[in-house]
Amino acid sequence: MNTLFAILFYLATLVFVVGLLQRIRLYANTPSPLLIPTTPAPVTQTGVVLRMTREVVFFESLFKANLWTWSMGWLFHASFALVIMRHLRYFTEPVWGWVALIQPFGMYAGITMLLGLCGLWARRLFVERIRYISTLSDHLMLVLFICIAASGLLMTFAVHTDVVGVKNFFLGLMHLNIQSLPASFALYVHLLLVSALLVILPISKLLHAPGVFFSPTRNQTDNPREKRHIAAWAAKFESEK
Amino acid sequence: MADIVAPAYRIIPIIPALKPGAMENVRSFVANDKIQTAIGFPGQLVEDWHDKAIAKMGELLGKYRSLRVFMDACVHCGACSDKCHYFIGTQDPKNMPVARQDLMRSVYRRYFTLPGKMFPALVGARDLTKEVLDEWYTYFWQCSECRRCSVFCPYGIDTAEITMAAREILDSVGYGQKYSNEIIGKVHRIGNNLGLPGPALADTLEGLEEDVKDATGIDVRFPMDVKGAEVLLITPSADFFAEPHIDSLIGYAKVFHATGTSWTLSSMSSEAGNFGMFIGNYDQLRAIAMRIRTAALELGVKRIVIGECGHAWRVAYSFLNTLTGIGDGADANDRFAQMLQKQLDHRYKQPSHICEFTWDMIQDERLTFDKEKNDKHIITFHDSCNVARGSRMGNYAGGQFEIPRNIIRAVANNFVEMNPATTREKTFCCGGGGGLLTDDLLELRVKGALPRMEVLQNVVDEHSVNFMATICAICKAQFTKIMPIYGFDRRMVGGVHQLVSNAIRLGDK
């Protein structure tokens, strides 16, 4: 079992890192020939950074669009971020100060994460428009996250796992030294689903996470009259003359 | 046509229930062989359309980051799902922005992503069949590229970009739209969208000079092809003869007259509109825009000013510098752009909107008005979608909202706003933009105007509004056509410069 999970995590991490980097490279290398920022568009680079920060941290556009989706979506994402940060304790020795500090919050964030996910799924199931646009994978993606959160919460609050053992296993992985993993059904499920998530991310709609940073309507400066903007493939028309 | 009736106003403007298939039979006419080949597209659907379409899609994915990112990033959150005026008016679920995008995204997933290739049913991927292609044609010609959805999308996904790509793919396999492609042909052949040849244009302008002389007793000129003029005015060709557009053209001329600005129109480049954008074709977009550059170079003008036209202003403001070098800030070794940028007067923004020009003159106190001449009007302002969400005015964010309103307040006493959920960047399209202003889509146009008509009705009831000003040729044409169907007087619609024209003092300058 130890070796199996070790191989699984090495492979999943490889797929995740390589897949994600490739996708980011593809986005970065695809030109955007025309300036298409959406109003209200910032007129300076600083403005763009602020806009992107508001978008990524507070989901500004979604807030304008729909309060229910925003509140559930934001609750899920913020909680998830906390949960991930809390999990850094399994990969660092000694544990960083700020990670130790957020530990209690991170534990309860698991619950709010689950709440947010259920809210999002309820919307997908019961709102006619959202049900219409949902594919099977949209539902399964939520199920995956719900199972990850539920199995994690189970270990935190009910069937406690030997967290020291878990930490040893992952620290070992990081030093190419396979340690034994505590035998726990909930842990096996949790780790299996997390590695599935790592594999799925670079080939699914989860690409919205890197994608938002490359969205031309959000990351462009509104200065077309002040500075000429031209893509390499479009500039060729001019040299042919 | 006679049986098209306006949909009922919603009592509470809630999100409508879905009516699948409601608009599946509303299709604009397909371009014939002659129209298609005149602008370099295949005359009819090509034999190997499937492979060609997929190849074109691959090409566009490599050329446009917007398309590439937007295809991947959507999570089906539904933020956009109730934001489109066509969805609100028709209740057809495929007019929800996300569903419209998914018409293409489903094909993208099938041919360009691993999960779509392996498990199509799981991720909603599908083969590009003839039925799918027909569906593309139907629903990508029910989008006015107004970008309202993109304001609300957490990733800024802009359906207009996807619609443009779809139309580009359709054109490349010989499946073009008659209305837009015929107009593009006319621009190349004659110089403007309406096919008004130079001599007819000269006649029209002469007639206008007489009309203004009769009305005011003053010789206001409408010059054409004047070399060495300071300003080259590029305006939508509807301004030359359509009602109420022409009243704004008179307004521009009066502003130039009253400020003593030397200006000219161009017979060769007598069109501000650029339908190349509507069909998402960069070559056409560029070729049409290049006419303005050519005219500017030939006439040796110092400034380029654009008349009241929404998408023309988007192309002018956002794209002209890229396409033609009309603007500022080109590299020192960019000979193409420098050639023109050296000629232009950079004390002014290039190009400028006519509203920027007029507002600058008002601020410089070079224009005076008899505001009471507009007292018969209780005015509201409809933000045109392409001005609101695809461009800007002035030198600060949001100038495109403030400047037209400032002008209205400077020339008239009675101004009220419509519901703020439907103005500025949240404005609704008039229902006729993006290449849909054709009678074969009248049903769509009427239904798509519903959200604007509802809030107009509110200000009519509450404030007795009797004039809706706008700065777009398509808005003006669309509203004069569909407003009578909603029970409004068609003369309620007009341009901002129509109001300027009413109130401007000509004599004492």
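1. Two residues are in contact if their C-beta atoms, placed from the backbone, lie within 7 Å. By that criterion, and leaving aside neighbours within four places in sequence, Leu232(B) is in contact with Thr264(B), Ser266(B), Ala295(B), Ala296(B), Leu299(B), Val301(B) and Ile304(B).

2. Ground rules. This is a predicted model: local features need pLDDT of at least 70, side-chain atom pairs count only at pLDDT 80 or more, and totals for chains, interfaces and linings use all residues. Residues are numbered from 1 along each chain as its sequence is written, while chains are lettered from A and ligands numbered from 1 in the order in which they are written.

3. The cores. A nonpolar core is a set of buried Ala, Val, Leu, Ile, Met, Phe, Trp, Tyr and Cys residues joined through C-beta atoms within 7 Å. A residue is buried if 20 or more other C-beta atoms lie within 10 Å of its own, exposed if 12 or fewer, and partly exposed in between; C-beta atoms are placed from the backbone. The largest nonpolar core has 171 residues. Leu232(B), Ile306(B), Ile407(B), Ile408(B) and Leu499(B) touch the most other members. Helix α16(B) gives the most to this core, with 8 residues.

4. Helices (H or I, at least four residues) and strands (E, at least two) are DSSP runs, numbered from the N terminus. Two strands pair if DSSP finds at least two bridges between them. Four strands form an open sheet in the order β2-β1-β3-β4 (chain B), with parallel pairing. Strands β2 (263-264) and β4 (352-353) of chain B stand at the edges, each with a single partner strand, so one side of each has no neighbour in the sheet.

5. Pairing along β3(B). Strands β1 (residues 231-234) and β3 (residues 303-306) of chain B run parallel and are joined by 4 bridges. Here Val231(B) stands opposite Arg303(B). On to β4(B): this strand pairs with β3(B) in the parallel sense over 2 bridges. Ile306(B) stands opposite His353(B) there.

6. Which way do the residues of β3(B) point? Arg303(B) and Val305(B) point one way, Ile304(B) and Ile306(B) the other way, and all are buried. In a regular strand the side chains alternate between the two faces of the sheet.

7. Domains of chain B. Chain B is divided into domain 1 (33-176), domain 2 (182-360) and domain 3 (369-503). These bounds come from an automatic or database domain assignment. The centres of domain 2 and domain 3 of chain B, taken over C-alpha atoms, are separated by 22 Å. In the contact between them, 31 residues of domain 2 of chain B meet 32 residues of domain 3 of chain B. On the domain 2 side, the elements that give two or more residues are α13 (245-259), α14 (275-278), α16 (310-324) and α18 (354-363) of chain B. The largest share of that side, 8 residues, comes from α13(B). Its residues divide into 16 nonpolar, 9 polar and 6 charged. For these classes, Ala, Val, Leu, Ile, Met, Phe, Trp, Tyr, Cys and Pro count as nonpolar, Asp, Glu, Lys and Arg as charged, and the others, Gly among them, as polar.

8. The chain contact. It takes 64 residues from chain B and 56 residues from chain A. Helix α3 (residues 65-73) of chain B gives the most to the chain B side, with 6 residues. By class, that side has 32 nonpolar, 17 polar and 15 charged residues.

9. Helix α9(A). Helix α9 (residues 185-200) of chain A has 16 residues and reaches 23 Å from its first C-alpha to its last, close to the 22 Å expected at 1.5 Å a residue. The expected span is 1.5 Å times one less than the number of residues. The buried residues of α9(A) are Leu187(A), His190(A), Leu191(A), Leu193(A), Leu198(A) and Ile200(A). Their cover includes α1 (2-29), α7 (136-157) and α8 (163-174) of chain A.

10. Backbone checks. Most residues other than glycine have a negative phi, and most peptide bonds are trans. A cis peptide bond joins Thr39(A) and Pro40(A), with omega about -5 degrees. Another cis peptide bond joins Glu243(B) and Pro244(B), with omega about 5 degrees. Pro244(B) lies in the loop between β1 and α13 of chain B. Arg424(B) has a positive phi, near 50 degrees. Arg424(B) counts as buried, with 20 C-beta neighbours inside 10 Å.
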